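Take a look at the model below. Keep the sequence at hand as you read.

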Amino acid sequence: MVPLSVRAILTVVIFTFTLTLQEFVYALTFVSSSDQKPITLGVSTDLIRGDVFFWGEIMAGTLIAAVPVAIAYNLFLDRFIAGITGGAVK
């Protein structure tokens, strides 16, 4: 039973990791000080002031937020492809 459910468990772990990393609305609602905001919220609220965009800082914050998700997807890419091609049913 466990070998068949490994791919499903990995999928759930990756989607949960992605959703918890992007707690944008929750942080926007309850966090007001800049030093306690997560990166995704701080980039959009502290680095954009009217028509002035701080592009270097925005891109750095976006990279920091996106790299862990990209690494997680790449680590389990082979297992996803094996599941799509019928590797789960033997």
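The model is predicted.

| Residue | Relative accessible area | Class |
|---|---|---|
| Methionine 59 | 47% | partly exposed |
| Phenylalanine 80 | 22% | partly exposed |
| Lysine 37 | 19% | buried |

Start with lysine 37. Find this residue in the loop between helix H2 (24-30) and helix H3 (39-46). Lysine 37 counts as buried because its relative accessible area is 19%, and buried means under 20%. Which residues does lysine 37 contact, leaving aside neighbours within four places in sequence? They are Val31, Ser32, Gly42, Thr45 and Asp46.

Now turn to phenylalanine 80. Helix H5, residues 77-84, holds this side chain. Its relative accessible area is 22%, so phenylalanine 80 is partly exposed. Residues up to four places away in sequence are not counted here, and phenylalanine 80 touches Thr11 and Ile14. Along the chain, phenylalanine 80 and threonine 11 are 69 residues apart.

With a relative accessible area of 47%, methionine 59 is partly exposed. A patch residue needs over 30% relative accessible area, and methionine 59 has 47%.

Key: Residues are numbered from 1 along each chain as its sequence is written. This is a predicted model: local features need pLDDT of at least 70, side-chain atom pairs count only at pLDDT 80 or more; totals for chains, interfaces and linings use all residues. Side-chain values use heavy atoms; hydrogens and water are left out. Buried means under 20% relative accessible area, exposed over 50%, partly exposed in between (1.4 Å probe, protein chains only). Helices (H or I, at least four residues) and strands (E, at least two) are DSSP runs, numbered from the N terminus. Contact means heavy atoms within 4.5 Å.
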